[in-house]
Amino acid sequence: MINSLLNSIQRVITLSPTETDTVTSLFKEKTYKKGEFFLEEGRICKHVGFVAKGLMRFYINHDGEEKIYDFSQENEFVCNYESFLPQAPSSKNIQALEDSIVFVISHADLQVFYEKVRGGERFGRVAIESVFLKLLQDISALYAETPELRYERFLKNHADLQQRISQYHIASFVGVKPQSLSRIRKRIFTQF
């Protein structure tokens, strides 16, 4: 399973055999049962993870209501960089929606990765740039798109997740109640 992580890194930078060994030694395999937390609100995010198998959701608690703002699935990284980079308490939660296998690297070991892997800092920059770009797109969508457009964007960007995520979680991600999501789905699918 570590090969999926190595392949993801090598899409951005080339790893020598020695660097491959370094990456393999720095990332540790960890399993999360469905419902288990990768990160809980109030705690410091200590790791960046790479999801080899499974699915995670990112959410905030707002007035007692869970508001999902992202998902990470196979071959994607999982982290709350807002907490991880400054090593400050998180205001967000990251929770496994399925039994998951995640390769994690600590904040300290990530610094070793940057130092010992030629191009490691470039990989980190590219990864953070993609997170930043996605965040900007999500903020724009929140303010500029209707719930129907957000649902259509969910279908476009996460089509493979529809069968893996409950309608409740999809509705939370879109920003509507489950009943409203049912109406949106009906309108969209009767158009085709």
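View 1. A search of the whole structure finds one cavity of 30 Å³ or more, where a cavity is a set of points, on a 1 Å grid over the protein atoms alone, at which a 1.4 Å probe fits but cannot get out. The largest cavity has a volume of about 150 Å³, a volume being the space filled by probe spheres set on grid points that are joined across faces, edges and corners. This is a predicted model, in which local features need pLDDT of at least 70 and side-chain atom pairs count only at pLDDT 80 or more, while totals for chains, interfaces and linings use all residues. Residues are numbered from 1 along each chain as its sequence is written, and side-chain values use heavy atoms, with hydrogens and water left out.

**View 2. The lining of the largest cavity.** Lining residues have an atom within 4 Å of a point; there are 14 of them here, and Val48, Leu110, Tyr114, Phe123 and Ala127 lie nearest the cavity centre. Helix H1 (2-10), helix H4 (107-116) and helix H5 (120-144) each supply at least two lining residues, helices being DSSP runs (H or I, at least four residues) numbered from the N terminus. H5 gives the most, with four residues.

**View 3. The second largest pocket.** This pocket, an open set with protein on both sides within 12 Å along at least five of seven lines, has a volume of about 190 Å³. Its lining includes Lys30, Tyr32, Phe37, Glu40, Arg43 and His47. Strand S1 (28-32) and strand S2 (37-39) are the elements that give two or more residues to this lining, strands being DSSP runs of E, at least two residues long, and S2 gives the most, with three.
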